[in-house]
Amino acid sequence: VKLNVNIDSKGSVKTTTYSGDFLSGEGHYNMIPFKSISGRCKNVDKELDFYDVVIDLGGLSLKTDALSIINKKLILHPIDLIDKDGTPLMTYEPESKTIINNDPRSKGNDEDEKWH
C-alpha cells in the first residue's frame, strides 16, 4: 500500500487532522479478487472518513464515498458499480438496503428497478 499522509496539528490531539490518499495493488478481500483500491481518507478526533474510493475489479469498478466511522459507529455510504467504460450499472443504498438499477441499457423496461 502506498500512503501519502498530511498532519495538521494545532497543539491538541483532538484538533489534529490526519489526511491523505492511498493506493493498494492487487489482492483479495474475503475471497473477492481486486486489481487495486485507491482513495482518500481523513481523521479528526473520533471521525474517520474514506472517500473517493475506487475498487478496480478488472473490467468493473466499485466507486463510493465508502464509509465513515464516527464515535466507533460505522456509517456506510452508497456504492456504485461502474463498467469499464464508466457507465453506472447499479447503486447499493446501505440505509435502505436497496440496489438501484442505473444501467441505461435497461431503461424503459418496467422490470424491477429496485431490489431489496
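Student: How far is the backbone oxygen of S12 from a polar atom of the side chain of T16?

Tutor: This is a predicted model, in which local features need pLDDT of at least 70 and side-chain atom pairs count only at pLDDT 80 or more, while totals for chains, interfaces and linings use all residues. Residues are numbered from 1 along each chain as its sequence is written, and side-chain values use heavy atoms, with hydrogens and water left out. Between the backbone oxygen of S12 and the polar side-chain atom of T16, the distance is 2.7 Å.

Student: Is T16 buried or exposed?

Tutor: T16 sits in the loop between β1 (2-8) and β2 (17-24); strands are DSSP runs of E, at least two residues, numbered from the N terminus. Buried means under 20% relative accessible area, exposed over 50%, and partly exposed in between (1.4 Å probe, protein chains only). The relative accessible area of T16 is 6%, so T16 is buried.

Student: Which residues does T16 touch, not counting those up to four places away in sequence?

Tutor: Contact means heavy atoms within 4.5 Å. With residues up to four places away left out, T16 touches I7, D8, S9, N43, V44 and D45.

Student: What is the phi of D45?

Tutor: D45 lies in the loop between β5 (36-44) and β6 (47-56). D45 is partly exposed, because its relative accessible area is 39%. D45 is a residue other than glycine, yet its phi is positive, near 50 degrees.

Student: How many salt bridges does a search of the whole structure find?

Tutor: A salt bridge is a side-chain nitrogen of Lys or Arg within 4 Å of a carboxyl oxygen of Asp or Glu. K10 forms one with D8, their closest N and O atoms being 3.1 Å apart. The side chains of D52 and R40 also meet in a salt bridge, at 2.5 Å from N to O. For the whole structure, the number found is two.

Student: How many residues apart in sequence are the parts that D52 and R40 tie together?

Tutor: The side chains of D52 and R40 meet in a salt bridge. D52 lies in strand β6 and R40 in strand β5, so the parts tied together are apart in sequence by 12 residues.

Student: Which residue in β9 is the bridge partner of L67?

Tutor: Strands β8 (67-70) and β9 (73-76) pair in the antiparallel sense over four bridges; pairing requires that DSSP finds at least two bridges. They form a hairpin with two residues between them, and N71 in the turn has a positive phi of about 50 degrees. In β9, the bridge partner of L67 is L76.

Methods: Polar contact = N/O pair within 3.5 Å; in protein donor to acceptor, adjacent residues only side chain to side chain.
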